[in-house]
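Let's work through a few exercises together. Have a look at the sequence and the model first, then try each task before reading its solution.

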Amino acid sequence: MPESIRLRLDVSYDGAGFSGWAAQPARRTVAGVLTEALGRLVGPDTPLGLTVAGRTDAGVHATGQVCHIDLPTEDWERLSGSLLRRLAALMPPDARVRAVRPVPDTFDARFSATFRRYEYRVCDEQWGPEPLRRHDTLGWLRPLQEDRLNAAAAGLLGEHDFAAFCKRKEHATTIRAISRLDWRRDPDRILVATVQADAFCQAMVRSLVGAMLFVGDGRREPDWPARLLTLRERSSEVTVAPAHGLTLVAVGYPDEAEYATRAEATRRLRA
């Protein structure tokens, strides 16, 4: 038998109490509390190779985060029937592992992904967001026009260099392909932006939202965000929307037979 079993974990969390996903010294992070909980089950020194689909920033939420670990086979045989229940008892109430299942060792939560989908919630009512939604909904003091928001969004669809909307990292590309970007107004009057792409640069989604909000309230013209795509460095004109309105809602993957091929292609693209 193999020495370890690769497991896919589907994770949700309220980002308000976390300094993002990635483990950081002396800071509470989602990876930190998940690693601690797993360590209590299999031993703190057991290497698990925790890998996540997308490292969310401080304050960002998730209902569809995905990660993988390589669990020693003997631990999986011991825990397979109770791992989800045990994690529920060990994890804090603002982070949940909703599903655990074995996957081929060619599955890579990060590089096998075909898309990440986020939603951003905005309330433009004069009284602001409902108190129970204050942690996941931004209050915007100016009225927003849905048609203007969608006009701005249309100009950002497709593959572009989003350097104007990203925090650039050395040796990393800022070229991304947005396959969906639109706004809707739900029955509760909340405006929701949905944005989906193969991947995102740091702060890219919140920068896009920030730019579109200035169009939605009339302070910028609908073609302004698209015109920024000609820039090759971050634009100082773009306001980054607050983190708490953003939620990672889904990560997509190909069929099992294509995990390795997709991961190899993504690694080449990111290089």
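**Exercise 1. How much space lies in the largest pocket, and what lines the pocket?**

Step 1: About 1100 Å³ of space lies in the largest pocket. This is a predicted model, where local features need pLDDT of at least 70 and side-chain atom pairs pLDDT 80 or more, while totals for chains, interfaces and linings use all residues. Residues are numbered from 1 along each chain as its sequence is written, and side-chain values use heavy atoms, without hydrogens and water.

Step 2: What counts as a pocket? On a 1 Å grid over the protein atoms alone, a pocket is an open set of points where a 1.4 Å probe fits, with protein on both sides within 12 Å along at least five of seven lines; lining residues have an atom within 4 Å of a point.

Step 3: Now the lining: 40 residues, with Gly54, Arg55, Arg110, Lys169 and Phe200 nearest the pocket's centre. Sorted by kind, the lining has 18 nonpolar, twelve polar (Gly is put here) and ten charged residues.

Step 4: H5 gives the largest share of that lining, three residues. (Helices are DSSP runs of H or I with at least four residues, strands runs of E with at least two, numbered from the N terminus.)

**Exercise 2. Is His68 buried or exposed, and what does His68 touch?**

Step 1: Find His68 in strand S3, residues 61-72.

Step 2: His68 counts as buried because its relative accessibility is 3%; buried means under 20%, exposed over 50%, with a 1.4 Å probe and protein chains only.

Step 3: Leaving out residues up to four places away in sequence, His68 touches Arg6, Leu7, Gly49, Leu50, Thr51, Phe107, Asp108 and Ala109. Touching here means heavy atoms within 4.5 Å.

Step 4: For Ala109, there's a detail to spot: its backbone nitrogen lies 3.0 Å from a polar atom of the His68 side chain.

**Exercise 3. Which strands pair with S10, and in which sense?**

Step 1: Locate S10 at residues 246-252, where six of the seven residues are buried.

Step 2: S3 pairs with S10 in the parallel sense over two bridges; pairing takes at least two DSSP bridges. Here Ala62 stands opposite Leu248.

Step 3: S5 runs antiparallel to S10, joined by six bridges. Tyr120 has Leu246 as its bridge partner.

**Exercise 4. Why does Ala26 count as exposed?**

Step 1: Look in the loop between S1 and H1 for Ala26.

Step 2: Ala26 counts as exposed because its relative accessibility is 88%.

Note on methods. Polar contact = N/O pair within 3.5 Å; in protein donor to acceptor, adjacent residues only side chain to side chain. Points joined across faces, edges and corners; volume = space filled by probe spheres on them.
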